[in-house]
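Good morning, and thank you for coming. Please look at the sequence and the model while I speak.

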Amino acid sequence: MSIEIKNVSKYFNINRKTYLKALSDVSMSIHQGEFLCLLGPSGCGKSTLLRLIAGIETPTKGEIRSNGKVLKGLDTSRGFVFQEYSLFHWRTVRKNIQFGLENKGISRQEQNDITDHYLDLVGLTDVANAYPSQISGGMKQRVALARALCLKPETLLMDEPFGALDAMTRLKLQDELIRVYQKEKITIVFVTHDVEEAVYLADRIAIMGARPGHVKQIVDVAIERPRIRTDQHFSEIRSDILSSFGLGVEKSVTEEKQKVSV
Ligand code: ADP
Ligand code: MG
């Protein structure tokens, strides 16, 4: 599925007289099968843009097309994973994943088969009958991922899905996500404010700025997977992005380049 975002602005009414420009004149394409990260500081409109792509919100100006057609609300071609796990605490892991399949008019057997497949894909078969309160944050986010994937979305929209996890779990889930992405051949739009996470995951990074929210620049990350965070090319891309946010790393980049040229 390719998605075209054309001159999209989103304003929120604060009261009858004032409104807040959350996004201003965003234009970009999302290519079929790519891993795109939306990267920027808090408040720059990342979640708003993702919600517009999901069809949860509608643009104030401009339009978003999916495979050529203007988006009209939510549909199953786009799945969503939020930062907060949003699991049903009274349902087991299995029943949480199965939730979206229950209203699809497919047999119980087929529901079970699909659920088994995704339990296995995200490595949760052993805890299928546990309740959310009995599993770790990382496992909860795997449940949310499996629940979205079992509806077979063409595009998966993820809003800081690893933001609440500890650093080690986060690194592990980044690898898991890449494995799932390569296996399922879906398009992923992934919101983060973590530069390293974006460089590790993305094929392209849309760098956003605030007041009002906009896309400043799109960076290609032409590094083969699996990526190594300490590689020179990786470090260069990360440093370039950090300095585009004014986060004073130019000195070390220059030193790094001098070292290389010696
Ligand atoms: P990010 O995800 O990059 O942190 P958001 O998209 O959540 O940014 O928000 C962008 C701006 O829009 C923020 O100033 C936020 O307060 C505002 N905003 C987001 N949603 C709403 C809403 N429903 N009503 C009013 N303002 C909103
Ligand atoms: Mg957000």
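This is a predicted model: local features need pLDDT of at least 70, side-chain atom pairs count only at pLDDT 80 or more; totals for chains, interfaces and linings use all residues.

Residues are numbered from 1 along each chain as its sequence is written, chains are lettered from A and ligands numbered from 1 in the order in which they are written, and side-chain values use heavy atoms, with hydrogens and water left out.

Let us begin with the ligand. Which residues surround ligand 1? They are Phe12, Leu20, Ala22, Pro41, Ser42, Gly43, Cys44, Gly45, Lys46, Ser47 and Thr48, where a residue counts as near if one of its heavy atoms lies within 4 Å. By class, this shell has 5 nonpolar, 5 polar and 1 charged residues. Here Ala, Val, Leu, Ile, Met, Phe, Trp, Tyr, Cys and Pro count as nonpolar, Asp, Glu, Lys and Arg as charged, and the others, Gly among them, as polar.

A polar side-chain atom of Thr48 lies 2.5 Å from an oxygen atom of ligand 1. For a side-chain N or O atom of Lys46 the distance is 2.9 Å, and for a backbone N or O atom of Gly45 it is 3.1 Å. Taken alone, ligand 1 exposes 560 Å², and the protein buries 61% of that, by the Shrake-Rupley method with a 1.4 Å probe. The elements giving two or more residues to the shell are β2 (19–30) and α1 (46–54); helices (H or I, at least four residues) and strands (E, at least two) are DSSP runs. The largest share, 3 residues, comes from α1.

Next, the open space. The largest pocket, an open set of points on a 1 Å grid with protein on both sides within 12 Å along at least five of seven lines, has a volume of about 480 Å³. Of its 20 lining residues, Arg78, Gly79, Phe80, Ala148 and Leu151 lie nearest its centre. Lining residues have an atom within 4 Å of a point.

A cavity is a set of points where a 1.4 Å probe fits but cannot get out.

Note on methods. A polar contact is a pair of N or O atoms within 3.5 Å; within protein, one must be able to donate a hydrogen and the other to accept it, and residues adjacent in sequence count only if both atoms are side-chain atoms. Grid points are joined across faces, edges and corners, and a volume is the space filled by probe spheres set on the points.
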